[in-house]
Structures are given as C-alpha cells and as structure tokens.
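Hi,

Here is the structure I promised to hand over.

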Amino acid sequence: MSLQIVIKTFNQLTTKELYYLLQLRSEVFVVEQDCVYQDVDGKDEKALHVIGFKNEKIVAYTRIFKPGDYFKLSSIGRVVVAQNERKHKYGYDIMEASIKAIKTHYNASEIKISAQCYLKSFYNNLEFFEVGEEYLEDGIPHVAMLKK
C-alpha cells in the first residue's frame, strides 16, 4: 500500500495531526534511539510539514524549510518512518515528496541536511553527498549532506 502524502503549514495542521506527528518523532528519536533532546525546538512553525499517511495513520514525516529559515540552503529535517513500516521503503517516498515540495514551494534545488551517519547510503541513493567531517548532534554521529 502506498502512502498518501499531504503537505501542510503549521497553522493548517489539526490538533490530532500535530499530536501524532510529535508522537512519531518522540517514538523514534527519543525512545528508539535512546536520545534525550528537545524535539519541540520552536522551528515547526516556520516549516512545511510533509506527512505520510497509511490507513489514516501518520507513518512517515519530514519537515522542510526554505533557504535561510534553518540553513542558508533549503533543508529537510526530522525524517522519520514508524519502525514497523520501514520494510515498505516509505523513507524514500517521504524524502522524494520532500525534495519535490522544496522545488514546488521554494523554487529551490539545492538542499542541505544534517544526516545521522548510519543513514549516509540511504541519502546517497537520493543524490545527497557528504560535505565536511562527522560531528555529534545530541550525542549521535551526524554529517552534513548536500543535494545540488
């Protein structure tokens, strides 16, 4: 079954959608990855939210930013897929939708991400390439990656 992908501004999110996307981010980034960090960082209001629904449940998500709102370039962050749904390759679906949304909404093609190092090959498959050295972000090894 394919994802139904919806893109919304912060103000367009329903209370339930906001609750469930924050719950998914917390399930993966805080609980699964055992990382205590401030997920609700004050940046969600600036972002466009790319939400992947399956049977009306949020199973994949990213947030995207126009140039200058997060990094100098457009960016994609908080890339997440529910653990029990990863076998369906929804990470590719949500990322491809996010890349397309950046082109459509921001008329930009260069994208910067801060990627967890263990996902480098996943992002390489989407034509993102490492720039610079690895660094720790919230105790997890990351690397900056660019797509031109």
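**What turned up**

Just after α1, Asp-34 has a positive phi of about 50°. A word on the basis: this is a predicted model, where local features need pLDDT of at least 70 and side-chain atom pairs count only at pLDDT 80 or more, while totals for chains, interfaces and linings use all residues. Residues are numbered from 1 along each chain as its sequence is written, and side-chain values use heavy atoms, with hydrogens and water left out.

Now the helix itself. Helices (H or I, at least four residues) and strands (E, at least two) are DSSP runs, numbered from the N terminus.

Which residues of α1 are buried? They are Glu-17, Leu-21, Leu-24, Arg-25, Val-28 and Phe-29, where buried means under 20% relative accessible area (1.4 Å probe, protein chains only). These pack against β1, β2, β3, β4 and β5, with contact meaning heavy atoms within 4.5 Å.

As for the sheet, it is open, with seven strands in the order β1-β2-β3-β4-β5-β7-β6 and mixed pairing; two strands pair if DSSP finds at least two bridges between them. The edge strands, β1 and β6, each pair on one side only.

Cheers

Conventions. Buried < 20%, exposed > 50% of the residue type's maximum accessible area, 1.4 Å probe, protein only.
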